Amino acid sequence: MTATPVLVLLDHAPDGTLRAPVRELLTLARDLAGDAGVHVVWAGDQDVAAARPVLAAQGVTAVHRLVTDADPHVSDVLADGLQAALAATGSTLLLLVSTFENKEAAARLAVRTGAGVVTDVDGLTLEDGRVVAHKTVLAGTWTTRCAVTTPTAVVTVKANAVPAQDAPAPSDPRVEDLPVAVRPSSTRVTVVERSEHAASGRPDLGSANVVVVGGRGTEGDFSPVEELADVLGGAVGATRVATDEGWIGHDAQIGQTGVTVSPRLYVGAGVSGAVHHRGGMQASGTIVAVNSDPDAPIFEIADFGIVGDLFTVLPQTAAELRRLQG
């Protein structure tokens with residue numbers, strides 16, 4: 001598979017700046033592609049210029065900009081575009097950031113091409129000419145290795161799975177327009193309105209290196225959780241109970257029915273550690289638990305546990321971190 005370029009879908013903000021996990025994905029693609037090079041797909045009308053410095057530093061060979069009258073953010077249309085990019089580059093491996101939208105597009109692409117799909121991957125290797133994906137399953141209790149046996153592999157990679165590193169030498173990626181013949185059935189869904197999330201100043205929950213989570217123990221007061229998250233430069237998450245009670249928006253929910261996270265540091269405050277929550281965070285690098293109940297299940301998987309009142313522990317921790325930061 002490495003005889004062909006590795007293809008990467010670029011996730012970018014409305015202003016054209018690349019989202020944080022893209023650098024990780026490009027680092028992984030470069031290691032897998034070798035001399036065949038890394039080609040990337042750009043979907044949207046935004047100018048590629050804002051992304052060029054990152055792409056050059058990552059050693060990207062070419063940028064394929066999808067050209068279509070249809071909305072490339074519709075999963076069917078995006079799948080058509082990715083199929084065209086695979087054909088144009090001859091690539092047999094496509095990498096995407098593991099988001100809900102990308103996983104939907106990956107599934108539709110697989111139906112069109114017969115590709116093998118593996119989602120929520122945290123490691124990728126080439127063994128005997130086959131792509132082998134490493135991922136956790138069953139609420140994070142098992143680590144598996146999944147070999148793709150089809151000629152084409154489509155893999156979605158979780159954020160923070162790979163340390164991002166620039167290429168030894170920068171490149172000058174060429175930008176090429178790629179006309180996409182959209183199938184009539186792909187335009188049955190149209191986007192009629194978009195609304196931007198209110199800016200919080202914090203990183204995206206799904207890709208943050210640090211996540212501070214509040215649970216039932218907050219009793220609706222997330223101010224200590226938000227304070228610690230801001231000191232650490234992290235995102236704020238929540239358990240299902242906290243979102244169901246209306247204490248915080250549902251987009252902050254972490255778990256099997258919410259967002260799956262794998263930060264380098266997870267801090268759970270007043271989080272009991274129910275199975276459905278653990279399924280969304282158990283792959284975190286370091287887990288710190290703060291809970292007044294010494295028998296809380298989260299202590300079973302925590303690397304560091306503090307039995308105490310979160311309204312005392314978190315503010316003290318934030319104050320000490322601010323002192324250490326100068």
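Let me start with strand E7, residues 130–137, which gives the most to the lining of the second largest pocket, with 3 residues. Strands here are DSSP runs of E with at least two residues, helices are runs of H or I with at least four residues, and both are numbered from the N terminus. Before I go on: this is a predicted model, so local features need pLDDT of at least 70 and side-chain atom pairs count only at pLDDT 80 or more, while totals for chains, interfaces and linings use all residues. Residues are numbered from 1 along each chain as its sequence is written, and side-chain values use heavy atoms, with hydrogens and water left out.

Back to that pocket. Its volume is about 270 Å³, taken as the space filled by probe spheres set on grid points that are joined across faces, edges and corners. A pocket, on a 1 Å grid over the protein atoms alone, is an open set of points where a 1.4 Å probe fits, with protein on both sides within 12 Å along at least five of seven lines; lining residues have an atom within 4 Å of a point. There are 20 lining residues, and Asp120, Thr136, Thr260, Gly279 and Gly280 lie nearest the centre. The lining divides into 7 nonpolar, 9 polar and 4 charged.

Now helix H4, residues 100–113. It has 14 residues and reaches 20 Å from first C-alpha to last, close to the 20 Å expected at 1.5 Å a residue; the expected span is 1.5 Å times one less than the number of residues. Which residues of H4 are buried? They're Asn102, Ala105, Ala106, Leu109, Ala110 and Arg112. They cover an arc of only 155° around the axis, so they sit on the same side of H4. That arc is of the directions from the helix axis to the C-beta atoms. The face turned away from the buried side carries the exposed Phe100 and Val111. Buried means under 20% relative accessible area and exposed over 50%, with partly exposed in between, using a 1.4 Å probe and protein chains only.

What do the buried residues of H4 pack against? Strands E1, E4, E5 and E9, plus helix H3. Contact, by the way, means heavy atoms within 4.5 Å.

So, H3. It's mostly covered, with 12 of its 15 residues buried, including Asp76, Asp80 and Thr89. Its cover includes E1, E2, E3, E4, H4 and E10. Just after H3, Gly90 has a positive phi of about 75°, and just after H4, Gly114 has one of about 75°.

Asp128, in the loop between E6 and E7, has phi near 55°. Asn160, in the loop between E9 and E10, has phi near 70°. Buried or exposed, which is Asp128? Exposed, because its relative accessibility is 83%. Asn160, at 8%, counts as buried.

Last stop: Ala252, in the loop between H6 and E13, which counts as buried at 6% relative accessibility. Leaving aside neighbours within four places in sequence, Ala252 touches Leu205, Val236, Gly237 and Ala238.

Key
Nonpolar A, V, L, I, M, F, W, Y, C, P; charged D, E, K, R; others polar.
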